[in-house]
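Hello,

Here is the structure you are taking over. Please look through it first, then read the notes below.

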Amino acid sequence: METEATQRPPSGSPAATAYPRWVLLSPYADREPDGSYSTADANTLVSGRTSTGEPIGVSLVVAAPPASSRVCFHLPPEVVANYATVVAAHGDSLLIHVVFKTNGWWRDRTHEYFVYNAGAGAADPPRPPSLSLLPPCFLTEQELGRFGRRSDGRERRELSSTATGLLRRGEEDLVVAELRMVAASDDDWPVQRVAELLLFRSGEWCVKRPPVSHDHGDDTLLPSWRAGTVATVGDGGLICWADLSCGLMPTDVFDDTPVLQYVALPAAAMEPHPGRGSTRNVSVTAGGTVKFVNVFPRCCCGGAGATNCRRSQHAYTINTWTLRMDDMVWVMDGMVDATELWSLDAYKGLPCVQPWNPIMSVEEPHVMCFVVCESYFVEGGNITEWQIMIDTRNKTIRSVSSYPINQCGRMTLPSRVTYYLNSYPGSSNGGTSSSLSKNHVDNGAPPPVVIDDFQTNNVTNTSVQFSCNSSAKPMQQVSEIVSPEKKILAALEEIPDLARDDMLKAYSILSHDNGRRFRSLMELPMSLRKDWLLMEIKAWDACSICSTCTTVLQCD
């Protein structure tokens, strides 16, 4: 790879900056209009050359999560570039795709891939950022015959942004890997699909066709499987490709004979109401932990599936799982209900609709960011897009950031690239903005719900086993054999000034949804429980009984 680096300011100079430990990168890069470096952050700026020898610069526009950061590329005005994207990220590096226009015809364009490396600001001496141009990877003769041949007989391959991963190990080892399902042969009918792994490793491109280990039971897996996101697990060599409708395929990309192992998504995510592709995600968080997050629409009665009831039309629950790497089993480890967030002071003024594009923090396994926008779900609704950072353990809001219109609806890319820019990495702000309301971080609320470890193959999102610990005295005195109804009654009797009629209505409501609302109630501090219950009673009274509610009432 060809590499060039710019000289960064010394750590003690006024230009030295403390960067967040991680960022959320917009997938589309911005271009400096006049090709100059006048607005570039000198600490992040690096220059290099394209394959035709033209100068190119790359810099970062950094913001702490949940706000998005951006890559900016700089080219002379006479160089025509269609667009640039951030394809993948790992550790101190980013894979950037730049498309250059070569002639007037739309197909006459060149795909070039650069690796941006943040260097090591804390090293002695500091290592400046660098920009490397990857050697081109050309389509095979078979692919050229299928898709059409360029006039020069060579056409560069375009890597899929949803199926390409990056792995950086140390200062020397770099792997770029794309996974696709392709036809085993053009002569086969019906077409047989096989996994094809395109690798850039040890300075050159190669193609492997690894076997897929799975117990799917038939041959329908490979033809329908499509990578929707990619996550790199640590720096040992493991990359996970995920089809967010069915499961993962991890493999060791340093292995000379790699094998893909199919891991199905949690059983609850395969239910009739699993949520759409943009309401779920696979991420890697602290310690190389693989996590799956899914936003489930829920009915007003607490059951699975959306409802048409006016007051709870956009209700949801967020469930998270951790992949246990020793036996590849998903373990559910978190659950947040919409009402737990909507009742917070920090949520006031934000749209009460389902979240979009959930992404786990790369630093804290219990912190996630997601987008909410009223116009996504309500015709004629407010088009302002909000990115929210929440703590799933404390059920609090860490920070909120508004986005330019039509900018944050796309899935952002989590990256620790900014961590390596710091002269003193520990001096950064930890990757989070100031909390909107400190009383939501430490407000004296009861401890969060502790979910017992269990395999998700035995779980659905409406029948989860919980162990609740509450600071309320009557609840501490209730033994494990006491019925759920008595626990509900004990909790209601503890709420000050709750009228008799309201207590009876609340008792009926809390007894009809498999304990979901009761768990939400017990997560609130005592000072908020009465107001929350009155809000639920009002919504229940105004609610038109849907089919799911009717079924629940008939069963009772």
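Which residue of E8 stands opposite Thr85? The residue is His97. Before going further, keep in mind that this is a predicted model.

**The hairpin of E7 and E8**

Strands E7 and E8 pair in the antiparallel sense, with 8 bridges between them. Together they make a hairpin, and 2 residues lie between the two strands. In the turn, Gly91 has a positive phi of about 55°. E7 is mostly covered, since 8 of its 10 residues are buried.

**The chain as a whole**

The chain has 556 residues, and 51% of them count as buried. It holds 9 helices and 31 strands. If you take the contacts between residues at least 6 apart in sequence, 58% join residues at least 24 apart. The accessible surface of the chain is about 25,100 Å², and carbon and sulfur atoms account for 49% of that.

**Cores**

The largest nonpolar core consists of 27 residues, and Val71, Leu94, Val98 and Tyr116 have the most contacts inside it. Among the elements that give two or more residues to this core are strand E6 (68-74), strand E7 (81-90), strand E8 (93-101) and strand E9 (109-117). A second, separate core has 22 residues, including Leu197, Val230, Met249 and Leu260.

Leaving out residues up to four places away in sequence, Val98 touches Ile56, Ala81, Tyr83, Ala84, Thr110, His111, Glu112 and Phe114.

Ser69 is part of strand E6. Is Ser69 buried or exposed? Ser69 has 2% relative accessibility, so it counts as buried. Beyond its neighbours within four places in sequence, its contacts include Val23, Leu24, Leu25 and Val61.

**An open sheet**

Strands E21, E22, E23 and E24 form an open sheet in that order, with antiparallel pairing. At the edges are strand E21 (280-285) and strand E24 (329-337), each of which pairs on one side only. From one strand to the next, the twist averages 25°. Inside this sheet, E22 and E23 are joined by 7 bridges, and Asn294 stands opposite Asn319 in E23.

**Charged pairs**

Side chains of opposite charge can pair when their charged atoms come close. How many salt bridges does a search of the whole structure find? The search finds 17 salt bridges.

- Glu112 and Arg156 meet through their side chains at 3.9 Å, N to O. Glu112 is in strand E9 and Arg156 is in the loop between H1 and E11, so this pair ties together parts that are 44 residues apart in sequence. Glu112 is buried at 3% relative accessibility, whereas Arg156 is partly exposed at 22%.
- Arg201 and Asp256 form a salt bridge at 3.6 Å, N to O. Arg201 belongs to strand E13 and Asp256 to the loop between E18 and E19, 55 residues apart. Arg201 is buried, with a relative accessible area of 14%, but Asp256 is exposed at 57%.
- Asp326 and Arg324 have their closest N and O atoms 3.9 Å apart. Asp326 is exposed at 68%, and Arg324 is partly exposed at 31%.
- Glu178, Arg180, Glu196 and Arg209 are linked in a network of salt bridges.

One more residue is worth a look. Arg157 lies in the loop between helix H1 and strand E11, and with a relative accessible area of 7% it is buried. Arg157 and His111 are 46 residues apart along the chain, and their C-alpha atoms are separated by 7.1 Å.

Regards

Key
Residues numbered from 1 in each chain as written. Predicted model: local features only at pLDDT ≥ 70, side-chain atom pairs only at ≥ 80, totals over all residues. Heavy atoms only, no water. Helix = DSSP H or I, 4+ residues; strand = E, 2+ residues; numbered from the N terminus. Buried < 20%, exposed > 50% of the residue type's maximum accessible area, 1.4 Å probe, protein only. Contact = heavy atoms within 4.5 Å. Areas by Shrake-Rupley, 256 points an atom, 1.4 Å probe, with all protein chains shown as cover. Core = buried A, V, L, I, M, F, W, Y, C linked by side-chain atoms within 4.5 Å. Pairing = 2+ DSSP bridges. Axes fitted to C-alpha atoms, helices over the stretch in contact; angles between N-to-C directions. Salt bridge = Lys/Arg side-chain N within 4 Å of Asp/Glu carboxyl O.
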